[in-house]
Amino acid sequence: MKTKRMLLLVLLGLLADVPASAGEVRFEKIVVDKTFRAEGVAVGDINRDGKIDVLAGDVWYSAPDWKVHEIRTVGQYDGTKGYSQCFANFAQDINGDGWIDSIVIGMPGEPCRWYENPKGKTGHWKERIVVKSACNETPLYVDLLGNAQPVLLFAVRPEGLMAWFSVPKDIEGLWDMHVVAGPKAPGTERYSHGLGCGDVNGDGRNDVIFTSGWWEAPKDRTQKDWKWHAAKLGPGCADMLVYDIDGDGDSDIISSSAHNYGIWWFEQLPGDDDPKFKQHVIYDKFSQPHAIRLVDINGDGLKDLVTGKRYFAHQGKDPGGKDPAVLYWFELSRPAKSVVEYIPHKIDDNSGVGTQFEVTHMNNDGKWDIVTSNKKGVYVFLQIP
């Protein structure tokens, strides 16, 4: 018996050294910067050299050597005591000049700003205000209109409006605001947790989602006061994603706890105009997954999840707040009809996510890569071919 046990241990040891199979997803970790810059991040070819660069609030990094360049006055942020001035960062050619600009949202309730790319010139980028107050801890830049042209979507205080924004004809002015709901609409408090966009009812139009329900998108998305549908979609969370997880033809909703344990999916049950949802736990082994992304990581035709711990979200005071800052992807599997499994794959244990991050293509290999920025620094994870 002892001999068999020893042989088993030897075999396991040998297997541990076997190279990964061709189908296994692996990532190369690149440390762009170990300084706490931001908890939001964006990507784009900033200097038009054909390489994808990284933006993190006050600065941007030029690929492939990741040289740091200032966009605005650089803050000195201590993640053990406070926050940065970037909760979310998005990249867009706002003025149509062919150069990628930067959109930055600071602390909830503060202005949303955009910075004009100086087209290769030195010095800080010109700053303009998008809106004077951007609220909810998960401001979005999403394809709300279904035309592959993302727009900003978040709450506005003090009125308590849920709204989306389009670029005005006069780029010097505030952006054009299109009110979805309000005043005092759900999800519009300064630190509200939970916001999403997706086609909940299958009519081909992307709706707006909060934990207590969703606003049904009208044909004319500039119309005010979208129809509200009450629904129980879990506790305070971060991003709320829409996808047919169980393959039954209707839309389910995915969310994750911002400051506690839990990643969930909400199964849409057959019903009338106001469907009910059943909550299922995907994973609850690490806390503070304050941002989450939906993408087909392994190319099998099913969309998977990418998320991780927002390290020191409340300076380590949240449940599990001082645990390792992990980064995971969760593989969606449907082994049988109406059976859903999520297989966890740990990517890293010393980086995590912030309040917003990107899953994108950083090179030309067609595989999905991950870019994060948080209190641990700025990182790129390249999927290895």
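Trainee: What is the volume of the largest cavity?
Mentor: This is a predicted model, where local features need pLDDT of at least 70, side-chain atom pairs count only at pLDDT 80 or more, and totals for chains, interfaces and linings use all residues. Residues are numbered from 1 along each chain as its sequence is written, and side-chain values use heavy atoms, with hydrogens and water left out. A cavity is a set of points, on a 1 Å grid over the protein atoms alone, where a 1.4 Å probe fits but cannot get out. Grid points are joined across faces, edges and corners, and volume is the space filled by probe spheres set on them; for the largest cavity that comes to about 40 Å³.

Trainee: Which strand gives the largest share of the lining of the largest cavity?
Mentor: Lining residues have an atom within 4 Å of a point, and here they include Glu137, Thr138 and Pro139. Strands are DSSP runs (E, at least two residues), numbered from the N terminus. The largest share, three residues, comes from residues 135-142, strand β10.

Trainee: Now for Arg72: is this residue buried or exposed?
Mentor: Arg72 sits in the loop between β5 (67-70) and β6 (88-92). Buried means under 20% relative accessible area and exposed over 50%, with a 1.4 Å probe and protein chains only. Because its relative accessible area is 12%, Arg72 is buried.

Trainee: Which side chain does the side chain of Arg72 join in a polar contact of 2.6 Å?
Mentor: A polar contact is a pair of N or O atoms within 3.5 Å, one able to donate a hydrogen and the other to accept it; residues adjacent in sequence count only if both atoms are side-chain atoms. The Arg72 side chain reaches the backbone oxygen of Gln85 at 2.9 Å. Its side-chain partner at 2.6 Å is Asp58.

Conventions. 1 Å grid on protein atoms, 1.4 Å probe; cavity = no way out; pocket = protein on both sides within 12 Å on 5 of 7 lines; lining within 4 Å. Helix = DSSP H or I, 4+ residues; strand = E, 2+ residues; numbered from the N terminus.
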